[in-house]
Each structure stands twice: as structure tokens, then as C-alpha cells.
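Hi everyone, thanks for making time for this. I'd like to walk you through one structure, so please have a look at it on the screen and then we'll go through it together.

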Amino acid sequence: MIQRIVLVLFFAYLLLPITGVLHFTLLDGTRVTAAHYLQALGDGEFQAYIVHSLALAVATVAISVSLMTFTAFWVHMRAPALKPLLELLSFLPFVVPAVTLALGLIEIYSRPPLVLTGTASLLTFAYVVLALPFTYRAVENGLSAIDSRTLSEAAQSLGAGWWRRFITVIVPNLWPGIVSAALLTFSLVMGEFTLALFLVGSAYETYPLYLNEVWRSDPKYGAALAILSFLITWGSSVLILGASRRAPGQVQGAVLK
Amino acid sequence: MAFLTLERLDKTFGHAAALSDVSLEVERGELVSLLGPSGCGKTTTLRIVAGFETPDRGRVLLDGRDVTHVPPERRGIGMVFQGYSLFPNMTAAQNIAYGLRVARRPAEEARRRVGELLDLVGLRDAAGRYPHQLSGGMQQRVALARALAIEPRILLLDEPLSALDAKVRLSLRTEIRRIQTRLGITALYVTHDQEEALSLSDRVVVMSHGRIEQVGPPEEVYGEPKTEFTASFIGSMNQLRGTIGPAGTLEYHGRSLRLPPRARATAGETAALVLRPEAITLTPEGAGDAVPPGANVLGGTLVTRTFLGPIVRLVVEVDGEYLSVDVPGAQRTVHRQGQRVRLWFDPEAAILMAASGGEKGDEAE
Amino acid sequence: MIAAAPRDGPARAARRARAGRAFATGAGLVPFGAFVILFLLLPGAQMVVGAFIAQDGRAGLANFARALAPQYLNAFRTSIAISVETALVGAVVGTVVAYAIVHGEARRRQAFVITFCTVTSNFAGVPLAFAFVTTLGVVGWVTVFIQAVFHVNLYNDLGFAIYSYYGLVLVYAYFQLPLMVLLAVPAIAGLRREWREAAQTLGAGAWRYWRDVGLPVLAPPLVGATALLFANAFGAYATAYSLSSGAINLVPLRIGTLINGDVSFDAGLANALGVGMTIVIAAAILIYQGANRRSRRWMR
């Protein structure tokens, strides 16, 4: 009984600010309106910037997921002794604050000959690194859960070469873990503010940066955009739950802000 | 007055009836096994005795007291779980001493007692080790010592050996029995392994679907099963199904088989003669071996021969059915596949079962 | 046969094959290695090295000396304070909630709560700050509601402000709590039922069980989780930035100002501050790792 009260209070607390924003955006005085949401449809900047964020997210997912699936499997099969090192390196970005990462990246990549600051590429690469802990963990959970070694050896005994084994046996079985990793990365990138601010700023403005701008000038519209941002994160997470339900391993994701 | 009495226990979980009208009496100093497949209710029964579950109906009487609604910590029981029950943050010695600590026994007494128990289970050297540093078998021995430390009235064991390797299981099994008899402590032992139950117990309780099928000493449960379930669950059984003929015999594939003397049967009903593989004697056809008068004789073809060490199991095809025959492994007779053989058995060695699965005989109980 | 270095033959070929295989293994690790080195380790190294290069280009501790100026020391003090407070609040409340989840209802609800916590621990930065301003800002609806019903103005009467230190604590708690829940649930779920039951058979009631077994076993993972919460709060930038616009003196914000400030980029000082941050966070992470190692050993 007490447990239920605790959980209800917990949910109430978490839903409170969100309902506040919803309330703010859906009501003009006493009139219910969706105008602030519809405003986004006609806003060219919104469309451009959300496309930027989507592009970054897709690129990051593509690189990060394929890189970590491959690397995790490679180490699992060929160099298991290196696993602790892999775990450590993949854990590192989790604890490195975004500001300090931004600091270091700017110092190295803002000087000739390698000027990458202000480019979407640098941001993408930084995001790949930032996503490492989640991508690696999701894939690794899947690898242990499916006993990839046995599957791989079975395929090998049937004559499949390395690449074929990877693509036709391992990847399909890891699919739920891969999907989880992809969604975690996606929601991470769509919401990331700090690195975007310092590394590219207005050169390739992203959705979170735009949100920050709009909020100050047009609060209601900004609030609507914030709800949209929340829906994107929520949507991805629901999908993650669906994917991981089918997966043997459990996936946790938390982004440091 | 029995030491432990279970009186008509009923227990339902959700829609499933876990126990139906379970009654049992256990004498002081007895080791009684609860034997059956998963879901038969044996663990539920044990947990009710322990106090972790309360029966919907019925009573539990321990040493004269009605403990049905007494919480576990006040029943004076010792329990050994299937595994993982040692407190991970304490050494073996600390685990064993825990019950004494809770009972506020003086430190000196506790220390002495812990030493005694470590010797009893043969783990003196492991006293200072933590559970994760002990093997499965050692952990269970510590668990046993811990349960015995507080001198419980009754020892409850919930499949304590199921999670262990075969070899460890064997040695620990004899050790548990040895300790139990030496201390004279009453024990209730849950297992799904019939070999364990038969070798350890003073009496075996065979359970199925929440009910008791049969209670008796191991020899009786093995040699004189009273229900079809018991017959098929314990050991292997051959079933010769047929119809009772007018002359009081079982008509089986055109042969008339004599019934055991105690059997009562009505002509025309379907029944089965049930007998153990070791009760059948096999001779090659034409070998001329003498068959005792009055024995039931069948003819068939040898299908497979499997050497199992102590016994050789032969499967013989008789008119489309397969019968198992066990012969001692040391007997070096050569058996060839496809060989025509004769099977004979003493009618007294068989049990007549009705089609409904109950024994047909004088109600001896 | 004496083991002299073989000049040719099968042994040499075997060695070559082994070397070739090791090389191929290494080759497969190049992509990952490249990413980690170029975009994680190198920037990290740059920050550390750059901290020791003063503005005039000479090596030394000048930057660190400047980093000890009062405003930066205060920044560290404030950052540590807010991190400790939100970590403790998150830890206590999160543990309670995690316990309620584990000992509560069916599987499905558990899975739902886990997702919910994953989502909300992500919901930080600008949208979160915004949400809290709409709720508890000067004209936030809860503020207005409390004014209307209890006739108390949070801002004027109680001196509360969402963009103050305690406002920030409240906002940080929003993503610290779910994170703690996510970390505490496995720890609490790892308390085996057999321990409780065995303790009962040995005569121990609930209180004794928790004192002798439950809490000692839970302590390492929960302490570790609290340390992680600390690190999480310490490094947070976006939330603090959007909420306080730099009004509150926190280390990440200071670094941010140095990077993006009007004056030319004072790399040395920023690096020194960054090194300071890294040390603090590293200490917290070491606690987390140490605690986890211990609990993992026990829970075998």
C-alpha cells in the first residue's frame, strides 16, 4: 500500500513540470489553442534546424552503431583479453563532462591545419564518442546474452567466413540490442546542447540551440518546441523498451547533463 | 503423538490449487522425504511447515504446539535452502554463529558451538572464508551447520543438493543422512530425485498435483506402488495391459497371464499387470533353460541392449509393445539384436492395476 | 631437442602466422582506436598539457595559481555543494522509490517504470529548465496556484527563486532521482529472498535482518550510485546555463564563459579549471568503481 503511494508521488513529481509546460502552451488566457504548436509548421528556421539535428542524429547512429557492433564482436572473438580496456574506454565518455570535452576539442581542432570547429563533421564525431557508453553497453549485453561465440563457431563449422558470419548470423541476433543502441544514440543527439553550442554554434545550428534562442524571445512557442523535444525523447525510449523487451539483455540509458 | 502433524492442508495460489487435503504424521527422529515432480506441492508443504506460507485450511502441529500461524522466527526450525542462502557479507563461521548471535548466546558458547559444527561438517579450515570463496558443496555444508547451530526442533531441507555436481551430490547426501541419524533430529526433505529420496529416507511421501499419492518406507514405495503415478514415477515399470478373462487371468495378446494371488478382478474389465524390469528373467529361445511352473511366459525379440554399469537394460519387443528387462551387468551373457527370447516372471512379483490407475487388491494399508 | 632459435621450418612459420594474426586483430581495432584517440584521449591530453602552459607560453603552474582565485574557488565550492546535495537527495529518495518498485507489483509495471526513469533522466538541459520556469517561475502555474490557494507568494514571502541555488537543486533532482532509481533497482533486486528467509529461520526479525545483512550488502552499490550522481551533477552544463544564465557560480559555467567569452580565449585558465573538474569527478568515479567491485565479488 505504501509502495503504491510512493510510486504515485514519484510519478506526480516527474510529470509536474511537463504538465506545466503543456498547460502553458495550450492555453492563451482561458482559450485552448494549438496555435503555438502549429507555429512550428510555418517556421523555416525550425524546419532547417530540426533537419540539422536529424541529420546529425542519423549520421551519429550510423557510425556509432556500426563501429561498436563491429568492435565489440571483434574483441569478443579475437581479443577477449582486451575487453576490460574496451569497457574502460567506452565508460570514459560517460564521466567526462561535455564542457571539458568541448574545451579539448576546440583547442585541437580550431587551429590550422586541421580546422574542424564549426563543422557538422566534428560535432558528429564528438557525438559518436559521447554515445559510446550506451552503444557499447547495449551491444555487449546482446553479445553475452546470445552466446555469440557458440553461434559463430557453429557458423564457422558450416563453412562461413568471418564477414559472412558477422553479417548473416551475429548481426541479426544482435538486432534488438542494436536497435536499443540506435535509439539511445538518437535521443542523445536530438537533445544535446553543450557540445553543439561550443563546437559549432550558429554555423550549423541544431534543434536544442534553437530551442534556447526561441525560449528567450517567444516563450510560448519555445515551450511548444520543448514539448516536441520531450516527445521525441519519450518516443525513442518507448521504442527502446519495445526493442529491449525482445532482447535477452536489459538496457539502461542515462544521459549526463 | 507424532512429532510433526500436518492436518488436512489446503493451499491455493491464484487459481491453482497447490495443496489439496494434505495430511501427514512424522515421528521424532525420522527423516521423511517429500518426493514428486515440479509443481506437485512438496515445496509448498515444506514452506508451510517453515512458516513462510500459511495454509488456507488445516493445521500444523509441531512438538505438541499449533504453529500454523506462528511466524518462522519463532518456530524453532532449521532450514537449508537450495542455494545462495549464506549471507554474503559474513564468513562461514559468522554465518554459522548468526542464529546464536540473534539468540544472544554468550560469545564463548557461540565460539565453541561453531567449532563443533565446523568439525561436524568437516570444514574447520574454511571458517574464515566468505561464501563466494567456497564451492557449492562447501556452501551447503555451511548452510547445514548454520541451521543446526541453534538446535532446532526440526530440520527442513528444500532440494539442498539439486544445484550441485553429481559427485558432490552423492557424497553430501550420505553425509546429511549420517549427521541426521547421529543427532537424532527430525527432518523433512524435499526432492525431485527419487534416488535421493529412496536412499536417504525412513519414509517417502510421493506427491503429485497437490496430493499425497503414497507414503511408506522406500522398499514399499518402490516395490509395492499403489497408484499408477507412483509406479511410473519411481523407477521404471513395465505395463502389460489387457482384459480380465473369465478364468481370472489377464488376457494379454492372446496369452493368459496368471494374476498375483492377492489380486481381485472382475471378468471383462481392462487392467494392467505392472512389474519391474528386474523382476523379469530372459532366456534365449531354444536354450532349454527351465521355467518354474506357474510362471508367466512371453516370447519376443531383443531390440536393444544398453550397458549401464551395474545393470544391463534389454528392451524386448513383444507383439508390438516394448518391455524392459534388467539383468546384472556382471552377468556376461551374450545378447544379440534380433535374437528370439523368452521372458518369464513370477505372478507374485507383479501388481494388478485397474484401468483407472489404482491397485486392485486387498486394501492393505 | 634444444630450444635454439629456429632458423627456418615449421616453428618459424608458426611464429609468422601468429604475428600475422596479431596484426590482423590490431587492424580491426583501428577504427575504434582512431575515434577514441582523436576525439576523446587527444582532447583530454590537450587539456591536461595546456593547463601547464601559461599565457606567456612558458610551462609552469601559473594557470593553476590563477584558478585558485576566490571566484574560482567559490565556483568549486558551489559546484561541490550542489553536487553533494543533489546526490544525497537523489540517493535517499531514489532508494525509497527503487524499493517500492522492486517489492511492488507485476513485471510489466516494473518495466514501465524503468523506461519512465530512463526517459526522465534524459530530460535535462534547456527543455527541463524551461519546464521548471513555467511551473515554478515568478508566474509559473504552481507559484500562482499556491498564491491563490494558500495566499503565500513563493518569491516575495519565502524568498524562493527558481534560478537561485535551491531552485537549481530542485531542477537537478529531477534527473538525479530517476538515475538513482535505475541504479538502485538492480542492487535492491539483488537481495536474495533466501537471505531474508534464512535469517527468519535463525530467529531474526525484519529489523535484525536489515541491520546484519540487508544494509551491509546494499551499502556498497548505493554508495557507488551516489558517487555517480555526484559526478553527474558536477559536470552538468546545459541545465545550469539555461536556468541561471550564468548567475550562479559553477565551474562548468565558468569554463563555458572562458571559451565563449568576449575576451580572447583564455585557454590556459580554462584548462586548469578543466583539470580541476576532472580530478573531482575522477575521485567520485573511483569510489563508484571500488564500491562496485566489492559488491560484485559478494554477489557471485
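Chains A and B do not touch each other, and 20 Å lie between their nearest C-alpha atoms. Please keep in mind as I talk that this is a predicted model.

So which chains share the most contacts? There are 2 pairs of chains in contact, and of these, chains A and C share the most. That contact draws 62 residues from chain A and 66 residues from chain C. On the chain A side, helix α1, residues 2-26, gives the most, with 12 residues. By class, the side of chain A that touches chain C splits into 43 nonpolar, 16 polar and 3 charged residues.

Chain B also has a contact with chain C, with 20 residues coming from chain B and 19 residues from chain C. On the chain B side, the elements that give two or more residues are β6 (77-80) and α2 (92-102). The classes here are 14 nonpolar, 5 polar and 1 charged. For anyone used to other ways of describing this, the size of an interface is often given as the accessible area lost when the parts come together. What I have for you today is residue counts.

Let me turn to the cores. The largest nonpolar core has 157 residues, and the ones with the most contacts inside it are A:Ala126 and A:Leu199. Helix α8 of chain C, residues 165-189, gives the most to this core, with 16 residues. What does A:Ala126 touch, once we leave aside its neighbours within four places in sequence? The answer is A:Leu101, A:Leu105, A:Leu195, A:Leu199 and, from chain C, C:Phe39. Apart from this core lies another one of 80 residues, including B:Leu6, B:Val67, B:Leu172 and B:Met207.

Now to chain B by itself. Chain B is divided into domain 1, covering 4-232, and domain 2, covering 236-354. Taken over C-alpha atoms, the centres of these two domains of chain B are separated by 39 Å. How many residues are in contact between them? On the domain 1 side of chain B there are 5, and they meet 4 residues of domain 2 of chain B. The domain 1 side of that contact in chain B consists of 2 nonpolar, 1 polar and 2 charged residues.

Next, the strands. Chain B has an open sheet of 5 strands in the order β13-β12-β11-β14-β20, and the pairing is antiparallel. Which strands stand at the edges? They are β13 (255-258) and β20 (351-354) of chain B; each has a single partner strand, so one side of each is left without a neighbour in the sheet. On average, neighbouring strands of this sheet are turned by 45° against each other, direction ignored. If you zoom in on β12 of chain B, residues 249-252, you'll find 4 bridges joining that strand to β13(B) in antiparallel fashion. One bridge partner to look for is B:Arg258 in β13(B), across from B:Thr249.

There are two hairpins I'd like to show you as well. Strand β16 of chain B (residues 296-307) runs antiparallel to strand β17 of chain B (residues 311-318), and 6 bridges join them. B:Phe307 has B:Val312 in β17(B) as its bridge partner. This hairpin has 3 residues between the strands, and B:Gly309 takes a positive phi near 100°. Then β17(B) pairs with strand β18 of chain B (residues 321-328), again antiparallel, over 8 bridges. Here B:Glu317 is bridged to B:Tyr322 in β18(B). The hairpin of β17(B) and β18(B) has 2 residues between the strands, and B:Asp319 in the turn has a positive phi of about 50°.

That leads to my last topic, backbone angles. Most residues other than glycine have a negative phi. B:Tyr84 is not a glycine, yet its phi is positive, about 55°. Where is B:Tyr84 found? It is in the loop between β6 and α2 of chain B. With 18 other C-beta atoms within 10 Å, B:Tyr84 is partly exposed.

B:Glu151 is another residue other than glycine with a positive phi, near 50°. This one lies in the loop between α4 (136-149) and β7 (154-158) of chain B. Is B:Glu151 buried or exposed? B:Glu151 counts as exposed, because it has 12 C-beta neighbours inside 10 Å.

Methods: Residues are numbered from 1 along each chain as its sequence is written. Chains are lettered from A and ligands numbered from 1 in the order in which they are written. This is a predicted model: local features need pLDDT of at least 70, side-chain atom pairs count only at pLDDT 80 or more; totals for chains, interfaces and linings use all residues. Two residues are in contact if their C-beta atoms, placed from the backbone, lie within 7 Å. Domain bounds come from an automatic or database domain assignment. Ala, Val, Leu, Ile, Met, Phe, Trp, Tyr, Cys and Pro count as nonpolar, Asp, Glu, Lys and Arg as charged, and the others, Gly among them, as polar. Two strands pair if DSSP finds at least two bridges between them. Axes are lines fitted to C-alpha atoms, for helices over the stretch in contact, and angles run from 0 to 180 degrees between N-to-C directions. A nonpolar core is a set of buried Ala, Val, Leu, Ile, Met, Phe, Trp, Tyr and Cys residues joined through C-beta atoms within 7 Å. A residue is buried if 20 or more other C-beta atoms lie within 10 Å of its own, exposed if 12 or fewer, and partly exposed in between; C-beta atoms are placed from the backbone.
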